[in-house]
Amino acid sequence: QVQLVESGGGLVQAGGSLRLSCAASGRTDINYAMGWFRQAPGKEREFVAAISWSGDYTRYADSVKGRFTISRDNAKSTVYLQMNSLKPEDTAVYYCAAARAFYRAYLTYAPRDFGYWGQGTQVTVSS
């Protein structure tokens, strides 16, 4: 079991930046690929970004490509999402998720592959 706790959300003006963090605890000796998802009111949860256990491979949703950057520090068991040039349509609850990784380059962005989820952190972008 691994527990995930997100932090760093808040209210920001359009064009601004935020950095989300996701701290993992518990079975951090097991390797995990990590992902960020978001859910806006009245909408389905959607994929935002993912990173392999090694950190060498990343994938982004088209809507955030070039603006968001996912990274990880395995020594700290923490994953980050740097969000720049924020837009009002980025407003959502952001969730961190972990998927068991059986090799270093494993990367997934399908929600069904993520067995562990955080409680979410609210990001609100005002226009």
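1. Setting aside residues up to four places away in sequence, Ala 97 touches Leu 4, Ala 33, Met 34, Gly 35, Phe 37, Phe 114, Tyr 116 and Trp 117. The place of this residue, Ala 97, is in strand S9, which covers residues 92–100. The relative accessible area of Ala 97 is 0%, and because buried means under 20%, Ala 97 counts as buried. Please keep in mind while reading that the model is a predicted one.

2. Ala 97 and Val 5 are 92 residues apart along the chain, while their C-alpha atoms are separated by 9.7 Å. For the protein as a whole, among contacts with a separation of 6 or more, 60% are accounted for by residues 24 or more positions apart.

3. The secondary structure comes to 11 strands and zero helices, and the pattern read along the sequence is accordingly written β-β-β-β-β-β-β-β-β-β-β. What radius of gyration does the protein have, and what would a compact globule with 127 residues have? The protein has 14 Å, which agrees with the value near 14 Å for such a globule. Taken along the principal axes, the box that the C-alpha atoms fill is roughly 40 × 25 × 25 Å.

4. Of the 127 residues, 45% count as buried, and the accessible surface of the protein comes to about 6600 Å², with 46% of that surface belonging to carbon and sulfur atoms. As for charge, there are 14 positive and 10 negative side chains, and the centres of these two sets lie 2 Å apart.

5. Strand S8 spans residues 78–83, and Thr 78 is found in this strand. Is Thr 78 buried or exposed? Its relative accessibility is 12%, and Thr 78 therefore counts as buried, given that the cut-off for buried is under 20%. The side chain of Thr 78 reaches the backbone oxygen of Lys 76 at 2.8 Å. When residues up to four places away in sequence are not counted, Thr 78 touches Ser 21, Cys 22, Ala 23, Arg 72 and Asp 73.

6. Ser 77 has a phi near 50°, which is a positive value in a residue other than glycine, and Ser 77 has its place in the loop between strand S7 (68–73) and S8. With a relative accessible area of 23%, Ser 77 is partly exposed. Ser 85, found in the loop between S8 and S9, likewise has a positive phi, near 50°, and is a residue other than glycine. The relative accessible area of Ser 85 is 41%, and Ser 85 is partly exposed.

7. Phe 47 lies in strand S5, made up of residues 46–51, and counts as buried at 15% relative accessibility. Which residues does Phe 47 touch, not counting residues up to four places away in sequence? They are Trp 36, Phe 37, Arg 59, Tyr 60, Ala 61 and Tyr 109. Phe 37 is also listed among the residues that Ala 97 touches. Phe 47 and Gly 9 are 38 residues apart along the chain, and their C-alpha atoms are separated by 17 Å.

Technical notes
Residues numbered from 1 in each chain as written. Predicted model: local features only at pLDDT ≥ 70, side-chain atom pairs only at ≥ 80, totals over all residues. Heavy atoms only, no water. Helix = DSSP H or I, 4+ residues; strand = E, 2+ residues; numbered from the N terminus. Rg over C-alpha atoms; globule rule 2.2 N^0.38 Å. Buried < 20%, exposed > 50% of the residue type's maximum accessible area, 1.4 Å probe, protein only. Contact = heavy atoms within 4.5 Å. Areas by Shrake-Rupley, 256 points an atom, 1.4 Å probe, with all protein chains shown as cover. Lys, Arg positive; Asp, Glu negative; His and termini not counted. Charge placed at Lys NZ, Arg CZ, Asp CG, Glu CD. Polar contact = N/O pair within 3.5 Å; in protein donor to acceptor, adjacent residues only side chain to side chain.
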